[in-house]
Amino acid sequence: MGQGCAPLILTAVSRSLGSFAPPPPDSDSDSRRFPLPPFPQLTFATSFSRSPTAAAALSWALGNKRASMAAPQPSYPPLEERPLRDTICLFDVDGTLTPARLDASPEMLATLAALRQKCAIGFVGGSDLAKQQEQIGRPAGNVPVTALFDFCFAENGLTAYKLGQELPSNSFIRWIGEDQYKQLVNFILHYLADLDVPVKRGTFVEFRNGMINVSPVGRNASTQERNDFEAFDRSAGVRRAFVQALRDRFPDLGLTYSIGGQISFDVFPAGWDKTYCLKHLEDEARKPGGVEYKSIHFFGDKAFEGGNDWEIYSDPRTIGHAVKSPDDTVRILKDLFHL
């Protein structure tokens with residue numbers, strides 16, 4: 001089949017995509033069987049394997065069929081035209097927007113979309129962007145998570161986006177140097193080897209762009225194992241003791257240790273906690289057309305001293321809100337912003 005047949009093929013496919021349905025049952029037909037497709041579709045089927053143009057036509061037709069069924073993405077006013085122009089809401093992820101390492105609920109996604117019509121919104125997570133995509137972007141219909149927020153601050157802002165555009169980043173390994181990094185990780189691995197916890201799984205040290213994440217039980221633990229370890233750690237204080245051992249061993253490295261989530265703690269340079277993201281907001285405000293945020297609301301569930309939300313929660317530049325769960329976050333947002 002020549003390439004000149006592509007329009008005919010496309011027409012045949014477009015006409016037949018919505019018409020291939022079972023007939024109503026009657027005395028002369030079996031309702032479980034399908035009628036033969038129209039002749040043009042038969043012509044297409046027999047020619048498909050021999051024609052790259054035909055394959056492209058099918059791909060185009062199917063793609064447009066899917067696109068027509070996809071829900072349109074909402075639009076939002078420009079940042080400088082939001083009703084609460086000088087207000088931004090920043091959110092921790094695990095325990096605040098989602099259950100730990102699980103998906104955001106439809107109610108949470110709808111609440112954030114409604115809030116974004118009024119003011120700027122952003123998340124500040126310790127994990128990398130891929131995990132935030134899994135927890136927020138995927139349940140939103142595989143929409144890029146960078147399209148769901150005005151500001152995205154992964155790894156406390158060491159990886160950052162504004163309106164889908166990447167902002168300048170920084171690197172933990174470049175800051176600490178390879179030799180000191182190896183000393184740090186070797187000590188952690190020796191400590192883990194001697195540590196007695198209920199279970200051990202895999203990925204005990206996760207290297208990230210702006211930090212390392214250390215988990216006594218391993219980040220490969222199941223949801224139930226995470227819940228069990230969190231309950232065990234409340235009484236045993238495994239992570240607190242681990243952090244103290246690191247402080248004692250490396251007093252001169254200038255590191256901060258921050259307990260977060262259910263099973264781990266972060267290690268990063270002093271000042272690279274979640275307040276790091278505020279530097280991006282200040283830098284963006286100084287650019288032409290930038291917005292200065294005078295009211296910066298932060299919502300987090302680890303808003304206690306030693307928790308990984310504490311520094312930004314207690315920072316004088318923010319208005320801190322300690323939450324107990326994602327449902328609590330939704331409740332506070334609806335009350336505070338009349339959603």
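This tour moves through selected residues of a predicted model. Residues are numbered from 1 along each chain as its sequence is written, and side-chain values use heavy atoms, with hydrogens and water left out. Local features need pLDDT of at least 70 and side-chain atom pairs count only at pLDDT 80 or more, whereas totals for chains, interfaces and linings use all residues.

Select Glu284 in helix α11 (residues 276–285); helices are DSSP runs of H or I, at least four residues, strands are runs of E, at least two, and both are numbered from the N terminus. Glu284 is buried at 9% relative accessibility (buried is under 20% relative accessible area, exposed over 50%, partly exposed in between, with a 1.4 Å probe and protein chains only). Beyond four places in sequence, the residues that Glu284 touches include Phe151 and Lys162, a contact being heavy atoms within 4.5 Å.

Next, display Phe151 with Tyr293. Their ring centres are 6.3 Å apart and their planes stand at 90 degrees, so the pair is edge-to-face (rings of Phe, Tyr and Trp, the last by its six-membered ring, pair with centres within 6.5 Å; planes under 30 degrees apart are stacked, over 60 edge-to-face, the rest tilted). Phe151 belongs to strand β3 (residues 151–154) and Tyr293 to the loop between α11 and β10 (295–300), so the pair ties together parts 142 residues apart in sequence. Phe151 is buried at 1% relative accessible area, and Tyr293 is buried at 11%.

Proceed to Phe229 and Phe232, a tilted pair with 6.3 Å between centres and 45 degrees between planes. Both lie in helix α9 (residues 223–236), three residues apart. Phe229 is buried at 2%, while Phe232 is partly exposed at 28%.

Finally, select Phe172, Trp175, Tyr181, Phe207, Trp272 and Tyr276, which form one aromatic cluster.
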